[in-house]
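Reader: I am new to this structure and would like to go through its pockets with you, step by step.

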Amino acid sequence: MKQKIIFCLPGNELLAGTLSEKANVERGKLTMRRFPDGETYIKIDSQVAGKEVLLICTLHQPDDKLLPLYFLAKTLKEFGAIRITLVAPYLAYMRQDTRFQHGESITSEWFAKLLSSFVDELITIDPHLHRKSNLAEIYSIPTHILHAAPLLSSWIKANIPNAVLIGPDSESEQWVSEVANAADVPYVVLEKTRKGDKDVQVSVPHLDGKADKTPVLVDDIISTARTMIETIGHLKNANFNAPVCIGVHGIFAEDAYLLLRQSGAAQIITVNTIPHETNKIFIEELLLTALQSKT
Ligand code: R5P
């Protein structure tokens, strides 16, 4: 069996530390900093020759991370690492997966090609697969998708008595129904139209006979939070209980978190695929099981 070593990019230390400790895998030492001009300095301080590397880097704000990730992966290989598995709990650039207007770049494909060119394998959690049905359509390396749905169901079951789940759009139906069924609660799915980055229209939820329940909005990504804020507005107008908002990947772009808090959400909960103070659902065990099954 090949020896393993875990490295991470800044911001991923907590997850890397837990995985290293619980899986009993060496934690790689690394010096990474920015030069005053913004360029990246990297020095690998551990022996990596002949070892398989687990590289932990969640990929929100990907433009800031991609070049350091590339330099690190290339340098690890240069010093003899035999395989690099990127563990990216949040996988970026999955939303621009088609050309809506002539001239647009299908960035999800270029991003996939770039990552596939310098890591050997990818493990991620609930990537936003919309018009693509599988990562293999755009990634040329082996990819492994883990699902947070069972974690969401357990959290809802343990924390929200009398919940009704609300999915924001038809593409979420399969996922939301799975979470609802495992939590043994009802669900409804809305219709969403996005007219711009922050301009989202969501249909009014029909919750006849469910007025006593706690609405739980579930989505894979909370980015501008406009999808959730718009839905909360409808629920308020219909005098429903204040909803709980659950997102797998809490990106919270710009002032999204503040606006969502001000919109009347009773609680905002995320999975720790992206570190944030709303993290209440944790992926460590899910990742450990996946990593152990790879050995
Ligand atoms: C998109 O289709 C996703 O499933 C989410 O609904 C979306 O990313 C949420 O974005 P925002 O928070 O910007 O409304």
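Reader: Which element gives the largest share of the lining of the second largest pocket?

Author: In this predicted model, local features need pLDDT of at least 70 and side-chain atom pairs count only at pLDDT 80 or more, while totals for chains, interfaces and linings use all residues. Residues are numbered from 1 along each chain as its sequence is written, and side-chain values use heavy atoms, without hydrogens and water. Helix H5 (173–183) and S13 each supply at least two lining residues, helices (H or I, at least four residues) and strands (E, at least two) being DSSP runs numbered from the N terminus. The largest share, 3 residues, comes from H5.

Reader: Where does the second largest pocket lie relative to the domains?

Author: A pocket is an open set of points on a 1 Å grid over the protein atoms alone, where a 1.4 Å probe fits, with protein on both sides within 12 Å along at least five of seven lines, and lining residues have an atom within 4 Å of a point. Of the 18 lining residues here, Pro127, Leu129, Glu171, Gln174 and Trp175 lie nearest the centre. Domain bounds come from an automatic or database assignment, and because both domains give residues to the lining, the second largest pocket lies between domain 1 (4–147 + 283–293) and domain 2 (149–272).

Reader: What volume does the largest pocket have?

Author: A volume is the space filled by probe spheres set on the points, which are joined across faces, edges and corners. For the largest pocket, that volume is about 1,300 Å³.

Reader: Which residues are the closest to the centre of the largest pocket?

Author: The lining of the largest pocket is made up of 40 residues, and helix H2 (62–78) is among the elements that give two or more of them. The closest to the centre are Arg95, Gln96, Arg194, Asp197 and Ser223.
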